[in-house]
Amino acid sequence: MLARITRNPGEYSEAFVEQFKIFHHELKDFSMLGNLTEQLESIKESFDDRSLSALTLFLECKERLDNLEESNDALDKSIDLLLKTAQSLNALREVIVKGLESGLRNDVPDAAIAMRQKWRLCEIGLEDYSFLLLSRFLNALEAVGGAQQLKENAESKNVSSWNDPLGSLFVGIRQLGLSGWKPEECTAIGNELLAWKEKGLSEKEVAVKMARLKATLDRSRRLTEEYSEAHLQMFPQKGEMLRKALGIPENSVRTYTGSEIRAGSQNFERFF
């Protein structure tokens, strides 16, 4: 949105543009995305060489993406960079999740406990940021035709345009698995998607291959619908109990449930 407003200088008043930039900055800070880089930098010293490589790659991609937001050709270059940033986020979050799997001894120093808490906050921040990346990727994809364009490309046997959407779907499925939602099923679907990307959707026997791919997409859709349904069953009742106990407005419960579903990387459900 910011890139669109600033694309053509003079199209919007300077006062409006300046206020929108302030709003954009405050919104990033409110959603904890503005300081994600600082959070990650704070745990950099605790990384080994492999982990540091994943961190460096993600921060480089994120910086390029942040700079692209301010340029006039952001919409033209965003799809490729958004996908690369999401893929680097996947790799970094895998490193952090793996590092958090082991427990802490009872005699660990306070500094180690504090560092572990920083790791957890970074892991949560990466999950939130993945939602933003997938949302922006889908918006960029829709700007160039979206699902209708993909359908027309498949019908004309031009299937190369499916590579990036499949890549983003893999990112979303992997994010669910890292969040602990049916990890075995997420791994199985992820392997299917990777197999499709490696084999490619060649022009030969497109109809047969697209039918098989649809089965994988249907499997992905069922997974995301189950995730959404689980949240809808879990949060409203418990949230209502807390709402009454704490005197929280009723609409806050529904808002919280909806935000939890969206934060779980469910934007890619829009592909279906």
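I248 sits in the loop that runs between helix 10 (206-246) and helix 11 (250-263); helices here are DSSP runs of H or I with at least four residues, numbered from the N terminus. The model is predicted, so local features need pLDDT of at least 70 and side-chain atom pairs count only at pLDDT 80 or more, while totals for chains, interfaces and linings use all residues. Residues are numbered from 1 along each chain as its sequence is written, and side-chain values use heavy atoms, with hydrogens and water left out.

Accessibility is classed as buried (under 20% relative accessible area), exposed (over 50%) or partly exposed (in between).

| Residue | Relative accessible area | Class |
|---|---|---|
| L126 | 0% | buried |
| C122 | 1% | buried |
| C186 | 4% | buried |
| I248 | 32% | partly exposed |

L126 belongs to helix 6 (residues 110-143). Beyond its neighbours within four places in sequence, L126 has contacts (heavy atoms within 4.5 Å) with L36, L40, F58, L89, L92, R93 and I96. L40 is 86 residues from L126 in sequence, yet their C-alpha atoms are 9.4 Å apart.

As for cysteines, the whole structure holds zero disulfides, taken as pairs of cysteine sulfur atoms within 2.5 Å.

Terms used: Helix = DSSP H or I, 4+ residues; strand = E, 2+ residues; numbered from the N terminus. Buried < 20%, exposed > 50% of the residue type's maximum accessible area, 1.4 Å probe, protein only.
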